[in-house]
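Please look over the sequence and the model shown here before reading the report that follows.

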Amino acid sequence: MNISAKDIHLSYGAREILKGVDIHSENGEFVGLIGPNGSGKSTLLKCIYRILKPNAGQIFLDEEELKAMSIKKSARKMGVVAQHNYYNFEFTVREVVMMGRAPHKKALERDNAKDYEIVEEALKTVGMEGFAQRSFSTLSGGEQQRVILARALAQQTPCLILDEPTNHLDITHQLQLMRIVKNLSATVISAIHDLNIAAMFCDRIYALKEGRIIAQGTPREVLTEDFIRQVYQVDAEIAKDSSGQMHILFKG
Ligand code: ADP
Ligand code: MG
């Protein structure tokens, strides 16, 4: 399944935040969205996962326009790991992950053995199986982030939208989370603020600045020394490790 956003405009009041953005992720492609703070990454993702309504433009899952789809139907196709996850009630970790099963159920349909199995499996995948009974609100930011990924895994969708999913994670869990997502072979659009993480995992990258896409291509094509200087005002050197993986070295 592919995701396309075409000519997206979004304003908060009189201020235009997205000024005609096009972004596309092919079936099974891992697409990264980079750009300085405030460039509009979260706003664009919120349009895609239906928290915000664009003022103009269209979003498609394959050929079907998102706004013509019920929320429940789009939730069967697209899972979300957002940046902030607050619940107004006390939920256990298992209950939070079980919410990922909701789009697959009829109203008032009970959770069955299969649902429990999927939830346990998802918790195991993110290394949180010992936490099922814990209250979600008592977890650290990084643990919460992994539980929210488990909820998205339990949702079993062909597409995933992630907003800086590795933010609260130590390096072990950053790499773990990215590997888990990569191995799903889902169609992914993820805002990523660490350029080296983006370089390691993305098939393609879009760079957003002041509400416009200013570059797109493979990590190697986009993440050049000139580009980093222009967009982030930082001097950098692009290096290669022994496996051929590119690394960006930032200079003080
Ligand atoms: P990014 O995720 O790239 O850091 P955001 O999409 O969160 O950027 O924000 C883009 C711009 O929109 C920022 O200048 C931010 O202050 C502004 N913004 C975000 N949310 C709101 C809101 N609810 N009301 C007004 N302005 C907002
Ligand atoms: Mg953001």
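## The sheet

In what order do the four strands of the open sheet stand, and is the pairing parallel or antiparallel? The order is β2-β1-β4-β5, and the pairing is antiparallel, where strands are DSSP runs of E with at least two residues, helices are runs of H or I with at least four, both numbered from the N terminus, and two strands pair if DSSP finds at least two bridges between them. At the edges of the sheet are β2 (15–25) and β5 (64–65), each of which pairs on one side only.

Strand β4 (residues 56–61) runs antiparallel to β5 and is joined to it by two bridges; F60 stands opposite E65 in β5.

## A helix across the sheet

Helix α1 (residues 41–48) lies across β1 (3–12), β2 and β4, and runs at about 65° to β2. Such angles run from 0 to 180 degrees between N-to-C directions, the axes being lines fitted to C-alpha atoms, for helices over the stretch in contact, and contact means heavy atoms within 4.5 Å.

## The α4 and α5 pair

The axes of helix α4 (residues 113–125) and helix α5 (residues 141–155) come within 8 Å and cross at roughly 135°. The contact is made by I118, A122, L123 and T125 of α4 together with A150, L153 and A154 of α5.

## Basis of the values

This is a predicted model, in which local features need pLDDT of at least 70 and side-chain atom pairs count only at pLDDT 80 or more, whereas totals for chains, interfaces and linings use all residues. Residues are numbered from 1 along each chain as its sequence is written, chains are lettered from A and ligands numbered from 1 in the order in which they are written, and side-chain values use heavy atoms, with hydrogens and water left out.
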